[in-house]
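Hello! Here are some friendly notes to read alongside the coordinates. Could you open the structure and follow the points one by one?

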Amino acid sequence: MAEIRLENVQKYFGAVHVIREVSLTVKDREFCVLLGPSGCGKTTTLRAIAGLEEVSEGRILINGKPVQNLHASDRDIAFVFQLYALYPHLTVFENLAFPLRATRIPDAEVRKSVTSVAESIGITHLLKLRPGALSGGDMQRVAIGRALVRRPKALLMDEPIGALDAKLREQMRTELKRLHLENGSTSIYVTHDQVEAMSLADTVVVMHDGVLQQVGSPSDVYLRPANLFVAQFIGSPVMNIADAQLRDEAGKASVLVHGAAFEVPREVLAAVSSRQVKDMALGIRPEGVLISHEETAGARSVSVHLIQPYGPFDIVDLNVGSQTLRARTPSGFASGKGQQVWARLDTTQAHFFDKSSGVSLGLRLG
Amino acid sequence: MAEVMNRLDPKSRAAARGFSDLAIRNLFVVPTVAFLIVFNIFPLIYSLGYSFTDFRASSKEAANFVGLQNYRDLLADPFIWTNFTITAKYVIVSVTGQVLVGFGLALLLNRSFPFKGLVTTLLLLPMMLSMAVVGLFWKLLYDPNFGIINYALGLGNFEWLSDPGIALYAVALTDIWMWSPFVMLLSLAGLSAVPKHLYEAASIDRAGRFYVFFRITLPLVAPILLIAIIFRTMEAFKTFDLAFVMTSQPTTELISIRLYKMAFQEWQTGKSCALAYIVLIMVLTITNIYVKYLNKAKQR
């Protein structure tokens with residue numbers, strides 16, 4: 001079991017700076033997910049931890065021991081590759097046995113370990129087959145089994161279920177979570193799929209352009225995004241982001257979104273002015289845009305622009321000023337384009353950002 | 001509209017030029033088939049007929065059918081078996097040497113270094129030379145009096161080609177020099193086809209260098225290496241020019257040289273046809289054994 005620490009890790013590919021000053025601590029037994037769009041450096045970071053990629057600067061510590069100059073085989077870390085990387089000429093049994101045999105573990109013990117791992121991931125019936133005869137899901141099970149068989153200090157996974165179809169992904173996600181709880185090895189998991197990240201992680205690490213954007217629990221990154229990037233990357237459908245100006249008229253505070261005013265509590269005024277922000281952006285998730293058929297206090301009349309049914313709910317684009325706002329409604333709530341409804345903002349779900357730096361003002365109401 | 005459709009349909013487009021797809025296919029295939037029949041299949045069958053006769057191309061006498069007499073004579077002839085033994089020794093030494101040197105070179109070249117392309121091309125040069133020219137050059141290199149090999153190795157007047165015990169191996173060495181690049185080329189293709197992520201997986205699995213080589217590299221390159229071995233065995237088995245040009249020891253009389261003498265010096269045309277068929281059957285047998293292994297290796 002292991003604690004993994006990165007200290008100011010930097011990585012260049014030629015002139016391209018792919019990891020910028022990344023510092024991160026993954027605690028023992030933690031399930032940490034590196035999340036970000038493709039090309040953000042998450043896979044490179046993972047490969048650097050495994051020793052498959054050299055870092056240009058900085059230190060990587062496993063249990064306090066610097067390993068950045070050690071060969072992958074000396075770090076005692078298991079790695080699950082996105083495209084499985086199974087040995088095509090060996091049977092499933094021999095694939096699972098490979099890490100054990102490579103370190104000259106006696107045959108009887110190999111047999112025992114392989115059988116027990118095969119049972120725990122449900123591939124006992126496949127042991128005699130070669131990888132070429134397996135389905136994608138089974139190949140990934142074998143790859144995970146091969147990683148688990150020698151009880152590594154840490155388990156690194158690079159989009160392990162990214163190549164599977166949606167249904168199988170969901171099933172494997174549950175299985176990965178169960179395996180993690182059973183084995184308790186420190187896990188670092190790379191994905192670009194936020195649903196995967198939210199459902200698996202103890203800690204989500206959001207990366208963008210080689211920089212850590214936010215490190216926190218899944219609810220943290222969802223409820224308190226540190227900046228505009230995290231706010232827009234996490235959550236589906238995407239959060240509404242709009243330029244916003246605060247107004248103080250006739251004792252009522254309001255925020256101007258796309259030129260349309262929505263009422264907000266007066267405390268916002270004081271909080272924002274104390275932070276001296278030049279331009280502000282307001283972020284609000286679709287579920288924070290409340291709409292109703294009847295006029296309610298603080299609501300304004302808007303027209304429906306577009307309805308996207310998702311099944312359990314609809315996402316309705318509302319014409320607000322010159323642009324649109326996405327609102328989440330019960331399915332069938334809006335009848336069609338042009339319908340007039342009343343909309344207001346749930347200010348407890350509003351996020352305020354400094355528009356120029358993108359950083360959250362950390363302002364939470366209610 | 002009909003005109004447009006016409007232009008889009010490849011069949012009618014070809015038809016417009018007077019050729020159907022079928023006609024074009026025949027145009028390419030027919031000459032090849034004709035050539036094959038006239039120069040390969042016909043002589044093959046004709047010589048099979050000769051192998052059952054006492055035909056001599058040098059005499060005007062008509063050929064007499066002698067049944068399996070030629071085959072019986074040949075297989076009972078101890079001298080022929082000596083030739084086969086010499087050939088076997090030659091094949092084993094030469095092919096083994098080529099595989100070791102060629103595969104070794106491929107392992108060395110299977111990484112990136114400056115001037116890799118140039119080095120690889122230079123290493124391939126021997127393979128592109130003519131057998132007879134290589135034979136003559138190596139004869140000079142081996143020369144006991146002024147050859148550079150003895151000079152470089154400080155062997156004095158060591159007789160490479162006139163010592164009956166050494167000559168065969170000297171010829172095999174030349175063959176190794178000439179054809180190792182071929183094995184190297186195929187091995188290099190095989191080595192670079194091994195996916196990089198397997199090596200990454202193996203290093204994660206904490207496998208040592210030797211373990212990786214014997215457990216991953218070798219099994220994955222085996223099929224293409226076997227193909228190289230098949231080609232080289234077939235070639236070595238029928239080696240003629242190299243040995244013929246370099247030396248004329250009884251101990252270097254490969255089966256193909258014996259065949260040549262029988263056919264064109266002793267003019268035993270019928271018998272030599274029979275011998276040629278025996279050689280053909282042997283080569284086919286050996287090749288088949290390899291192919292079986294190859295299929296087994298490929299199944300994995």
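The points below go from chain A as a whole to one of its cysteines, then to the interface and a helix pair in chain B.

1. Before anything else, please keep in mind that this is a predicted model.

2. Chain A contains nine helices and 20 strands. Its C-alpha trace extends over about 85 × 45 × 35 Å along the principal axes. The chain has 366 residues, and 42% of them count as buried. If you look at contacts in chain A with a separation of 6 or more, 64% are between residues 24 or more positions apart.

3. You will find C40(A) in the loop between β3 (31-35) and α1 (42-50) of chain A. Is C40(A) buried or exposed? C40(A) is buried, because 24 other C-beta atoms lie within 10 Å, and the cut-off for a buried residue is 20 or more.

4. Which residues is C40(A) in contact with, once its neighbours within four places in sequence are left aside? They are M207(A), H208(A), D209(A) and G210(A).

5. Now to the place where the chains meet. On the chain A side 17 residues take part, in contact with 14 residues of chain B. Within chain B, α10 (196-204) and α11 (209-237) each supply at least two residues of the side that touches chain A. The largest share of that side comes from α10(B), with six residues. By residue class, the side of chain B that touches chain A has eight nonpolar, two polar and four charged residues.

6. Staying in chain B, have a look at helix α6 (residues 116-128) and helix α9 (residues 167-192), whose axes come within 7 Å and cross at roughly 125 degrees. The two helices, α6(B) and α9(B), are therefore oblique to each other. The crossing in which α6(B) passes α9(B) is left-handed.

7. What do the two helices bring to this contact? From α6(B) come L123(B), L124(B), P126(B) and M127(B), which meet W177(B), M178(B), W179(B), P181(B), F182(B), M184(B) and L185(B) in α9(B). By class, the residues of this contact divide into 11 nonpolar, no polar and no charged.

Terms used:
Residues are numbered from 1 along each chain as its sequence is written. Chains are lettered from A and ligands numbered from 1 in the order in which they are written. This is a predicted model: local features need pLDDT of at least 70, side-chain atom pairs count only at pLDDT 80 or more; totals for chains, interfaces and linings use all residues. Helices (H or I, at least four residues) and strands (E, at least two) are DSSP runs, numbered from the N terminus. A residue is buried if 20 or more other C-beta atoms lie within 10 Å of its own, exposed if 12 or fewer, and partly exposed in between; C-beta atoms are placed from the backbone. Two residues are in contact if their C-beta atoms, placed from the backbone, lie within 7 Å. Ala, Val, Leu, Ile, Met, Phe, Trp, Tyr, Cys and Pro count as nonpolar, Asp, Glu, Lys and Arg as charged, and the others, Gly among them, as polar. Axes are lines fitted to C-alpha atoms, for helices over the stretch in contact, and angles run from 0 to 180 degrees between N-to-C directions. Angles under 35 degrees count as roughly parallel, over 145 as roughly antiparallel, 65 to 115 as roughly perpendicular and the rest as oblique. A crossing is left-handed if the near helix is turned anticlockwise from the far one by less than a right angle, and right-handed if clockwise.
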